[in-house]
Amino acid sequence: MIGSGPAGLAFARVLHRHGHPVTVLERDPARDARPPGGTLDLHEGLGQLALEKAGLLAEFHALARPEGQAMRILDTDGTVLRDWQPRPGDRANPEIDRGQLRDLLLGPLDVQWGRAVTEVVPQGPEGVLVRFADGRQETFDLVIGADGAWSRVRPALSSATPQYTGVTLVEAALDDVDTRHPDLARLVGDGSVAVYGVNRALVAQRNSGGHVKVYAQFRVPLDRHTDADPGPDDDEAVRSSLLTRFDGWAAPVLDLLRHGTGFAHRPLFALPASHTWAHVSGVTLLGDAAHLMPPLGAGANLAMLEGAELAESIAAAPGPGELDEAVRAFEERMWPRAGTWANITLAGLERLVSPDPSQALALFDEVQPA
Ligand SMILES: Cc1cc2nc3c(=O)[nH]c(=O)nc-3n(C[C@H](O)[C@H](O)[C@H](O)COP(=O)(O)OP(=O)(O)OC[C@H]3O[C@@H](n4cnc5c(N)ncnc54)[C@H](O)[C@@H]3O)c2cc1C
């Protein structure tokens, strides 16, 4: 297993539950080498199903924030257009911090940190050769690429590369909002607040511990960074350029940018919704490596469910001779589901960051139960 994101860890944890040892090879030098990221909503039939397969659903619900499903939509002048609250006991899409989810999945797993893969070469009956950045190489029977958007495993199966969607996201964070920024804490509420303007949007989401992540999104040509995770930016410069870009929006909304820190550019890339590949014995892909799509609440959910399903298929294979058939059947099952979600999220991004902001509100009304 290459990669310890939601896909890789869900796969490894379910296989572990079935009594099979699995080694996860991860590029990051250590568990906390970089901030784990924001909050994720895990859907009942997707991410939560994966956790059930891993025997971790009860622990998830003990950590998750069902109140985090709340969603408020404002006009750019600050008028509240929608203020949706989940019903008591609603467990359809509770939120969990990415770091908490990672720790929950990690549990007893064996992750080899600092093992960056550079190349994967299928060699027929001899297995699959994996080359590492430190010059080492090893051969495996089965290599599963769960190494995300810029997968080093994918080229062994497919020539597809992620394409820029036309939308860039700039992320920022606020800490201790309830004590340091009580007005912003009220604005964000227990869940998310979103403001949609012409070709731009601002979304803020509460994480646990009074932490808020802010996502400014806008249509812009790709002028920098081809890597999806380019690291931190110069806060002052980015803040000032965002305040110009969102000029004229209500002051409390812009305060999310004024008080935000740790700005990071994330141009949004996607693979074609129809991405598949001719099956190659001994190698497959999961999650973003297989079907990178805009971040509209599906990617981690699919990644986890795929990881769990592939692990179950492998555990159920009667012997090594049937392993390849199990992987092939898994791919046939993954592709249409991922394609459906890729089309939904690509169309969703067009409407959420759109020349006509009423499209975003209409989308919300279509997907959110009254
Ligand atoms: C701002 C934002 C918000 C999002 N919100 C949501 C949400 O609410 N719900 C949702 O379902 N999805 C969401 N997503 C999408 C979600 O984050 C991804 O779809 C999900 O993380 C994919 O999981 P993965 O395991 O396939 O890949 P990743 O999470 O990218 O994990 C890949 C792992 O592989 C490692 N790796 C990479 N290259 C190598 C290498 N060469 N060798 C070894 N290891 C390597 C990486 O270090 C990483 O640990 C969001 C995305 C963004 C950007």
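Which residues does Val 121 touch, not counting residues up to four places away in sequence? Keep that question in mind while we look at the whole chain, and remember throughout that this is a predicted model.

Let us start with the overall picture. The chain holds 12 helices and 16 strands. Its radius of gyration is 21 Å, close to the 21 Å that the globule rule gives for 370 residues, so the chain is as compact as a globular protein of that length. Of the 370 residues, 41% count as buried. Sequence separation is worth a look too: among contacts between residues at least 6 apart in sequence, 74% join residues at least 24 apart.

Domain 1 is made of 6–69 + 93–161 + 272–352, while domain 2 is made of 163–271 + 355–367. Their C-alpha centres lie 27 Å apart. Where the two domains meet, domain 1 supplies 22 residues to the contact and domain 2 supplies 20 residues. On the domain 1 side, helix α11 (residues 323–352) gives the most, with five residues. Sorted by class, that side of domain 1 has 11 nonpolar, seven polar and four charged residues.

Two packed helices are described by the angle between their axes and the distance between the axes.

Now back to the opening question. Val 121 sits in strand β7 (residues 117–122), and leaving aside residues up to four places away in sequence, it touches Val 128, Leu 129 and Ala 156. Is Val 121 buried, exposed or partly exposed? A residue needs 20 or more other C-beta atoms within 10 Å to count as buried, and 12 or fewer to count as exposed. Val 121 has 15 C-beta neighbours inside 10 Å, so it counts as partly exposed. Another distance you can check in your viewer runs from Val 121 to Arg 131: these residues are 10 apart along the chain, and their C-alpha atoms are separated by 8.3 Å.

Asp 176 lies in the loop between β11 (163–174) and α5 (177–180). Its phi is near 50°, a positive value in a residue other than glycine. With 12 other C-beta atoms within 10 Å, Asp 176 is exposed. The second stop is Asn 199, in the loop between β12 (192–197) and β13 (200–206). Asn 199 is not a glycine, yet it has a positive phi of about 60°. Because Asn 199 has 17 C-beta neighbours inside 10 Å, it counts as partly exposed.

Technical notes: Residues numbered from 1 in each chain as written. Predicted model: local features only at pLDDT ≥ 70, side-chain atom pairs only at ≥ 80, totals over all residues. Helix = DSSP H or I, 4+ residues; strand = E, 2+ residues; numbered from the N terminus. Rg over C-alpha atoms; globule rule 2.2 N^0.38 Å. Contact = placed C-beta atoms within 7 Å. Domains from an automatic or database assignment. Nonpolar A, V, L, I, M, F, W, Y, C, P; charged D, E, K, R; others polar.
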